[in-house]
Amino acid sequence: TDLPRSPPAAAEPRHASPAAPRRLREKLRTAARMPGPPARTAPGSRQQVQGGQSPAQPASAAPPARQTRAPFRFDYERFRQSLRHPVRGGRPGEDPETRARRMKIKEMMKFAWDNYKQYALGKNELRPLTRNGHIGNMFGGLRGATVIDALDTLYIMELEEEFQEAKQWVEKSFDLNVNGEASLFEVNIRYIGGLLATYYLTGEEVFKSKALELGEKLLPAFNTPTGIPRGGSLCSPCSGMSWSWGWASAGSSILAEFGTLHLEFLHLSQLSGNPVFAEKATLSLSLPQVMNIRRVLNRVEKPQGLYPNFLSPVTGSWVQHHVSIGGLGDSFYEYLIKSWLMSDKKDSEAKKMYDDALEAIEKHLVKKSAGGLTYIAEWRGGILDHKMGHLACFSGGMIALGAQHEAEERRQRHMELAAEITSTCHESYTRSDTKLGPEAFRFDAGSEATATRLSERYYILRPEVVESYMYLWRLTHQPKYRHWGWEVVQALEKHCRVEAGFSGIRDVYSTPAMHDNMQQSFFLAETLKYLYLLFCEDDVLSLEDWVFNTEAHPLPINHTDFRA
């Protein structure tokens, strides 16, 4: 079963099939035909209308005014020269053990890729036990999620032959003219993020053109009364239609989905100076659209300063008061601090939103267990649920990253909080039989950092814990983070490696492991990349040059304007 970053109901509607009731299909068709809010247009440009059609012009209409501004062109060479460190680092002297461990992780990546290529190339994920591919319905008709997710990892690890195999598939087989409903969130973080990152790393135009073409097809998802993409954020890349599934979070929009667009859409705007794209869909609209999300969020009242997970795209008000730093909420907070960093610390609005949110989280959600473990609880209408999801374990790295730019007292407090949360997540691993962490762990009924429900005992190759290890290593250089990361490598090799790839496991407290027969694409994009970077020097994808999107795809910090 697919288990995306957010729970299945949020990102994978199970009823999206031709067998849906006829009345529902008619309703969806009607919704798809409804025009969205009028598009903002630049002087002399074509008006954008749904479906990409230009409105009919009266026979007597005067010709449009000529565009006087020179067309935008991104200067890739100037961009590369602006980077403060080589993308793959300078490879200074290092101890043999660190290099050997990094090479082991590189071998794991090659093994995962080779088996995907042999048994599932072009499908979205590999099923390693049955040696076939899996498509699923998160990505509509798009294929090759593992290819796109793996590209930048293959490049950074200098797996040159494998990178060329992946590039060739993108050039010859990656078809964007497909039918199907896709999650805007998942397509954005995996496909758009992966293509953008690989373009910035290599300068290969095919990745930029595919990213811009796909980004254009996502724009209709914003056609709602508030401009907030609808719940489930489903759109048809082929037709440009968008609608909301009624059973997807009761038609509401999910914080982590509509709040996890800014990094990628800003770069789509930065790269979209090609007049062909301006004529087709005016991708320069993408930045105002994601900025509108902030305006809605700043206007709505936040209970106790917290951001609930569900918002109505019609009224712009909260649907229910459930707050989580894990699934449904997680990457919203991550993208606030990273938007500020990516802007070279100029996006003061994002920084203030992050600071205010973190202050509310510290005040209302951060707790310490009887055994001394710090965790971030969930909040349901004022009542605390003393659990943390694996997804929430990214927060240690996020808080540490944000702390680097604070006044000393606040910096020290946040670094301690980041270290304590990361230590708690490490405990969730060490307290299992497999030394891998469960999907969620609780602090109640005498239990600490362990899953108490059967439905929360699985591990699907998730990256969030090793993500925090990587950030804490880079920001403190405390050896324990590399030690903890190597424990994860050993556990993955022992319990998740099978004859034809890597598989998630159904119960981290049971050995021998029961495999779920799924090699998730994010295992190649995130888990193995973060482990590899943990054993690299700090100048490999330096945090001075890059921020990582929530799928670990590196996007550059905007140190200057690269208009040619």
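This note covers the annotated active-site residues and the salt bridges.

1. The model is predicted: local features need pLDDT of at least 70, side-chain atom pairs count only at pLDDT 80 or more, and totals for chains, interfaces and linings use all residues. Residues are numbered from 1 along each chain as its sequence is written, and side-chain values use heavy atoms, without hydrogens and water.

2. An unreviewed UniProt entry places the feature "active site" at Glu186, Asp330, Glu439 and Glu464. Such annotations may be inferred rather than shown by experiment.

3. Asp330 is in helix 13 (residues 330-342). Helices here are DSSP runs (H or I, at least four residues), and strands are E runs of at least two, numbered from the N terminus. Asp330 is buried at 3% relative accessible area. Buried means under 20%, exposed over 50%, partly exposed in between (1.4 Å probe, protein chains only).

4. Glu464 lies in helix 17 (residues 464-476). Glu464 is buried, at 0%. Its side chain makes a 2.9 Å polar contact with that of His390. A polar contact is a pair of N or O atoms within 3.5 Å, one able to donate a hydrogen and the other to accept it; residues adjacent in sequence count only if both atoms are side-chain atoms.

5. The whole structure holds 38 salt bridges (a Lys or Arg side-chain nitrogen within 4 Å of an Asp or Glu carboxyl oxygen). One network links Glu378, Arg380, Asp385, Lys387, Arg442 and Glu456.

6. Arg442 and Glu456 pair at 3.0 Å. Arg442 sits in strand 15 (residues 440-442) and Glu456 in the loop between strand 15 and helix 17, so the pair ties together parts 14 residues apart in sequence. Arg442 is buried at 2%, and Glu456 is buried at 8%.
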